[in-house]
Amino acid sequence: MSACSVPAAAMPLPAKPGPCAFGMTGDTATALGAPDMQTPAPLLDDAAIRALFDTALAAARDWHAACPVQRGFAPWPDDLAYVPRAPVPVPGIAELIADPGEASDISRPLRDALLAIAPFVEWRLGYTEDEVGADFLRRYGWFELAGPEGHFHTLRTRITVGYWGRGLFYPRHQHEPEELYTVVSGHALFHADGEADLTLAPGQTRLHRANQPHALTTAQSPILTLVFWRGAGLAQPPRISAA
Ligand code: ZN
């Protein structure tokens, strides 16, 4: 079974919290021995941190290689160069580590590799409290794994990681590059202007066209995503769409 073998058509999800219907298991970060919410970043030397980033990049590459939709969207960049970046924590790291969402057997290596680098990442928020609210800013975050300003430099694409805790609404926003969301763990309801809403779970993807407004809602699960961009404007941030 490939990472994309679950059809992208809407599939029923349980109305109550619990294991999802996609062969996921109920493991949690606690079972992985992840630190609790108050634990500071582990003390690792630069070589050890670099090894964690290399592992995460390799897991992302494997994830991309396993999915024809991802391969069709953009080839894996062959010019990646590691860029040391100072960690920039955001409050949402604690929630990500405590509640990363259920992975599939195929997505678990990538989810766990992303959790491992989470304390060392240059996290970003990108929105103001007026735009998204204080609770949203405390329980979400994203970073650029690869791209013009990423932990691995490339000008050919932008590969970001985004996390949203349970019960958040990411308002309609847009950007010039085309975008392919892939779900690594958890699930969420995706909205896009002109298209039906769709709940996506690990292995499923969603394409957003250039400047197509889109939004996202989490309910009883968080969501962790790996997102690919292509086209002009790779270094530009998303912006909230007009009403
Ligand atoms: Zn987007």
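1. Let's start with a helix pair: H1 and H4 are roughly antiparallel to each other, because angles over 145 degrees count as roughly antiparallel. Their packing angle is about 155°, and the axes are 9 Å apart. Axes here are lines fitted to C-alpha atoms, for helices over the stretch in contact, and angles run from 0 to 180 degrees between N-to-C directions. On the H1 side the contact uses Leu52, Phe53, Thr55, Ala56, Ala59, Ala60 and Trp63, and on the H4 side Pro109, Leu110, Ala113, Leu114, Ala116 and Ile117. Contact means that the C-beta atoms of two residues, placed from the backbone, lie within 7 Å.

2. A word on what you're looking at. This is a predicted model, in which local features need pLDDT of at least 70, side-chain atom pairs count only at pLDDT 80 or more, and totals for chains, interfaces and linings use all residues. Residues are numbered from 1 along each chain as its sequence is written. The average pLDDT (the predictor's confidence in each residue, from 0 to 100) is 86, and 84% of the residues score at least 70. Please go carefully with residues 5-38: pLDDT stays under 50 there, and the model has 42 contacts beyond four places in sequence for them.

3. Now the inventory. The protein has six helices and 12 strands; these are DSSP runs numbered from the N terminus, with helices being H or I of at least four residues and strands E of at least two. Of the contacts between residues at least 6 apart in sequence, 77% join residues at least 24 apart.

4. Two strands pair if DSSP finds at least two bridges between them. Inside the order, E6 (residues 178-186) and E11 (residues 223-230) run antiparallel and share eight bridges; Gly186 has Ile223 as its bridge partner in E11.

5. Beyond four places in sequence, the contacts of Leu145 include Ala56, Leu57 and Ala60, along with Phe152, Ile159 and Val161. Across the whole protein, buried residues make up 38% of the 243 residues.

6. The other open sheet has five strands, ordered E8-E7-E10-E5-E12, and its pairing is antiparallel. Here E8 (195-200) and E12 are the edge strands, each with a single partner strand, so one side of each is left without a neighbour in the sheet.

7. What pairs with E5 (residues 169-174)? Three bridges join E5 to E10 (residues 214-217), where Phe169 has Thr217 as its bridge partner and Tyr170 stands opposite Leu216. E5 also pairs with E12 (residues 239-240) over two bridges, and there His173 stands opposite Ile240.

Technical notes: Buried ≥ 20, exposed ≤ 12 C-beta atoms within 10 Å, placed from the backbone. Parallel < 35°, antiparallel > 145°, perpendicular 65-115°, else oblique.
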